Amino acid sequence: MIALFCVSLLVGIYAYADDTRPCADDAAKFCKDVKPGGGRMATCLKEHQKDLTPACRQRTENMMMRAKEMHKACADDIDKFCQNVQPGKGQIADCMREHKSELSAGCMQEFGKGRHRGHKG
């Protein structure tokens, strides 16, 4: 659940959010029938990794690295504050924002990195 949250949050942050992003065309081409949310778009892009444009491939690789960093930093906080929150539609991210003042320093640092990448909050 936590890894799914991290991946879906990061994909939403900067992988295909609008047409100026490196994965917009790839997402439209390979994942046009995928309903965003719940990590489905990230899964689709990952399944098509070898077919992605170099810029999108690099972006998804960076996203996966960031997801691992966020998972490592925020796993305890997500378990503590959001364990009963159903993943999808940004609900865990919303929960994390609601508990922003209570997050551990490491999680706050990683979670805050998304703010400058189009993340609301």
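Cys107 is buried, its relative accessible area being 0%. In this predicted model, Cys107 is bonded to Cys74, with a sulfur-to-sulfur distance of 2.2 Å. The bond connects distant parts of the chain, given that Cys74 belongs to helix H4 whereas Cys107 belongs to helix H6 (residues 105-113), 33 residues apart. Cys74 likewise counts as buried, at 0% relative accessibility. The link of Cys74 and Cys107 is right-handed, with 100° about the S-S bond.

Ala73 touches Cys107 itself, together with Ser104, Gly106 and Glu110, when residues up to four places away in sequence are not counted. Ala73 and Met108 are separated by 35 residues in sequence, yet their C-alpha atoms lie 8.4 Å apart in space.

A disulfide is a covalent bond between the sulfur atoms of two cysteines. One of these bonds joins Cys23 to Cys56, with an S to S distance of 2.1 Å. Here too, distant parts of the chain are linked: Cys23 lies in the loop between helix H1 (2-14) and helix H2 (24-30), and Cys56 lies in helix H4, 33 residues apart. The torsion about the S-S bond of Cys23 and Cys56 is 110°, and the link is right-handed. Cys23 has 0% relative accessibility and is therefore buried, the limit being under 20%. Cys56, with a relative accessible area of 0%, is buried as well.

A further disulfide joins Cys82 to Cys95, the two sulfur atoms being 2.1 Å apart. The torsion about this S-S bond is about -95°, so the disulfide of Cys82 and Cys95 is left-handed. Since Cys82 is located in helix H4 and Cys95 in helix H5 (residues 91-98), the bond ties together parts of the chain that are 13 residues apart in sequence. Both Cys82 and Cys95 are buried.

Helix H4 thus contributes a cysteine to each of the bonds described above, namely Cys56, Cys74 and Cys82. When the bonded cysteines of the protein chain are numbered in sequence order, the pairing reads 1-4, 2-3, 5-8, 6-7.

Terms used. Residues numbered from 1 in each chain as written. Predicted model: local features only at pLDDT ≥ 70, side-chain atom pairs only at ≥ 80, totals over all residues. Heavy atoms only, no water. Contact = heavy atoms within 4.5 Å. Disulfide = S-S within 2.5 Å. Helix = DSSP H or I, 4+ residues; strand = E, 2+ residues; numbered from the N terminus. Buried < 20%, exposed > 50% of the residue type's maximum accessible area, 1.4 Å probe, protein only.
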